[in-house]
Amino acid sequence: MDLFSRTWTALRAAVADLSDEDFGRPSGCTGWLVRDLVCHLIVDAQDVLITLATPSDREPTRDVLTYWDVSGTPPTGDDPLDALTVRLAAAYEDPSLLKFHLDDVGSAAGRAALLADPAGRVGTRDEILTVGDFLSTYVMEWTLHHLDLIAYLPEAEQPPAEGLVRSREMLEQIAGSPFPYAFDDVDALLIGTGRRVPTEEEQARLGELASKVPLYLG
């Protein structure tokens with residue numbers, strides 16, 4: 001729960017520090033500008049609120065690792081929901097409105113997470129998870145999207161180190177193999193999720209893992 005809060009707070013702070021010009025820059029998400037990514041974060045915050053308000057007495061059907069739908073096909077940005085996000089983001093026009101909406105809904109999502117019982121069960125995407133597992137998936141979501149947000153903003157703050165470490169651990173468990181020790185956490189996450197193409201040296205270091213990554217998480 002604490003790590004969820006720290007990674008989410010850091011991501012929202014990174015958005016708050018953006019200039020108006022930054023919203024028109026590309027992000028690390030294929031086909032999305034920074035403004036589109038921030039709009040997606042608003043939807044994510046709404047998902048947290050909706051899910052935490054959808055309790056269940058059923059047994060969990062997924063956990064923090066099996067929650068993800070893993071694909072070997074990279075996103076194109078042409079998915080209907082992705083296209084809708086772009087249109088919604090453009091409708092805000094003024095970047096300050098995007099900032100305000102994220103702060104408003106995001107703060108509520110953060111408070112709801114702190115008040116939730118980690119052992120409780122909730123429903124989302126026709127699956128059941130414990131609250132703790134559900135919020136833990138968002139540690140990875142927030143961390144990866146923080147990297148996406150600052151992909152073309154070299155002076156921006158990196159995600160919290162503990163979020164990077166935990167996200168790497170989860171990605172390694174999903175892949176079924178650790179990343180090379182020589183990879184720092186950021187490189188492991190970027191290469192492991194297809195956000196960056198490995199160099200020839202990095203590709204060689206991957207060894208057998210090269211046949212398993214990148215993993216596209218949905």
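1. Let's start with a term: helices (H or I, at least four residues) and strands (E, at least two) are DSSP runs, numbered from the N terminus. Tyr 138 and Trp 142 sit four residues apart in helix H5, so about one helical turn separates them.

2. A word on the model: it is predicted, so local features need pLDDT of at least 70, side-chain atom pairs count only at pLDDT 80 or more, and totals for chains, interfaces and linings use all residues. Residues are numbered from 1 along each chain as its sequence is written, and side-chain values use heavy atoms, leaving out hydrogens and water.

3. Now look at the rings of that pair. Rings of Phe, Tyr and Trp (its six-membered ring) pair if their centres lie within 6.5 Å; planes under 30 degrees apart are stacked, over 60 edge-to-face, and the rest tilted. The structure holds five aromatic pairs. In the pair of Tyr 138 and Trp 142, the centres are 4.7 Å apart and the planes at 40°, so this pair is tilted.

4. Are these two residues buried or exposed? Buried means under 20% relative accessible area, exposed over 50%, and partly exposed in between (1.4 Å probe, protein chains only). Tyr 138 is buried at 4%, and Trp 142 is buried at 0%.

5. Which residues join them in a cluster? Ring pairs link Phe 4, Trp 8 and Phe 134 with Tyr 138 and Trp 142. Contact means heavy atoms within 4.5 Å. Leaving aside neighbours within four places in sequence, Phe 4 is in contact with several residues, including Val 48, Leu 135, Tyr 138 and Trp 142.
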